[in-house]
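Please keep the sequence and the coordinates at hand while reading.

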Amino acid sequence: MKVLGLLIVLAGCFCGRDAQFPWVCTSDAALNSKECCPVPPGFTEPCGGAGRGHCADTPDPTVEDPAWKKAYHVDDRRHWPTVFFNRTCECESNFMGYDCTRCMWGYRGANCETKQQPGVRRNIKDISSEEKNKYQRYFNRAKNTPSDFVFALEFKENIRGSEDFANISVYDFLVATHYYASRETMPPFNTGICQDEDDCTLDFAHDGSGFLTWHRAYVLEVERALQEVNGDPDWTMPYWDWGAAEKNQCDICTNEYVGANNKHGDIDTGSLFASWRTICEDLDPSDNATYMNHTRPCNVTNASGKLKRNPGHADARRLGEAITHLPLATEVDFALSFPVCDTPPYSSASNCSFRNLLEGNADTSTGKTRREM
């Protein structure tokens, strides 16, 4: 509980599993047929063929609920991925991935038969200078390497064809995926649904019971993406123990680690990350779903600004008082004293909920929600 994945440190202006589209499945023919069953390189059959994978109808596990908000019925994410593709690869044995060329978690090798030893993540303050340099290089290479996935620039009903998908780097794909899952509003503005903001608040990754499990899977995907792009399957992402930081300050906000920043959050020009550009940056009012610019997908081709980072000094007006300092050891201990992971109504309004304390929505002296019911 007193550690924070370095992914979060590098996130800076993040607002977002493979939630968008393999580029090989965004041809006009694939979009029209609603089939994403590519033939992998070096193979002759879709999904690799017998023993590896085959093309099959895609199951839709979505449970219809009469309590759904109006916006949910027109949200592209509601029946993912069948809203776009109703036939996809069904992988066999220990294979996985959109074309069955990856190994399931815990396996490696050409035939995915070798059991992988568990990786060990280390405190970033304990790694060598060589490992720190590797950490920076690995992230920077991911930021500058094209992904196998592309990102949609329009909602399903407005997509004309392959021209409405944009190339993206490995790292920016991970940013956009987090954005896609967690942004407040997804229905197209022209539906007229977003006149009432309560009907258009659809964050699938935060303010609910799935917060921990979703982000655990997300961090695993980030780690694997960096392993793959750098050809280093044994590398593990370091963590930062902010509970041990002196004077509740970001002691890794230096060029030796994740880049020094000034009081405005601007990254020092001597940092490897100073040249990074951000995408999917929320602008005020980020939580107002009735604004037209928040009812369209993020344009991942628009690098809107430079990376900013200033933990413990964020805008309390926008993000709440809890954001004005790094969590204290006493606050962490208080959260850990709650034996129940989550409580009704399983949202930011939950009281005495470990999950809601962890998200910063509850008072760390009472356990009561800071949000109005």
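**Cysteine links and backbone geometry**

Cys-91 counts as partly exposed because its relative accessibility is 24%. The classes used here are buried, for under 20% relative accessible area, exposed, for over 50%, and partly exposed, for values in between, with a 1.4 Å probe and protein chains only. The model is a predicted one, in which local features need pLDDT of at least 70 and side-chain atom pairs count only at pLDDT 80 or more, while totals for chains, interfaces and linings use all residues. Residues are numbered from 1 along each chain as its sequence is written, and side-chain values use heavy atoms, with hydrogens and water left out.

Cys-91 is linked to Cys-100 by a disulfide with an S to S distance of 2.2 Å; the term denotes a pair of cysteine sulfur atoms within 2.5 Å. The link of Cys-91 and Cys-100 is left-handed, with -95 degrees about the S-S bond. Cys-100 itself is buried, since its relative accessible area is 0%. The backbone at Cys-100 also deserves attention: phi is near 65 degrees, a positive value in a residue other than glycine. Cys-100 is placed in the loop between strand E6 (95-96) and strand E7 (102-103). Strands (E, at least two residues) and helices (H or I, at least four residues) are DSSP runs, numbered from the N terminus.

How many disulfides does the structure hold? The number is seven. One of them joins Cys-47 to Cys-89, with 2.1 Å from S to S. This pair links distant parts of the chain, 42 residues apart, as Cys-47 lies in the loop between strand E3 (35-36) and E4, and Cys-89 lies in strand E5. The torsion about the S-S bond is -85 degrees, and the link of Cys-47 and Cys-89 is left-handed. Both Cys-47 and Cys-89 are buried.

A further disulfide joins Cys-103 to Cys-112, with an S to S distance of 2.0 Å. Because the torsion about the S-S bond of Cys-103 and Cys-112 is about -85 degrees, this disulfide is left-handed. Cys-103 has a relative accessible area of 12% and is therefore buried. Cys-112, at 1% relative accessibility, likewise counts as buried.

Cys-341 is partly exposed, because its relative accessible area is 40%. Cys-352 counts as partly exposed as well, at 30% relative accessibility.

Asp-207 has 30% relative accessibility and so counts as partly exposed.

The bond that joins Trp-80 and Pro-81 is cis, with omega about 0 degrees. Pro-81 is located in the loop between strand E4 (53-57) and strand E5 (87-91). From Pro-344 to Pro-345 the peptide bond is also cis, and omega is near 5 degrees. Pro-345 is found in the loop between helix H7 (329-336) and helix H8 (354-358).
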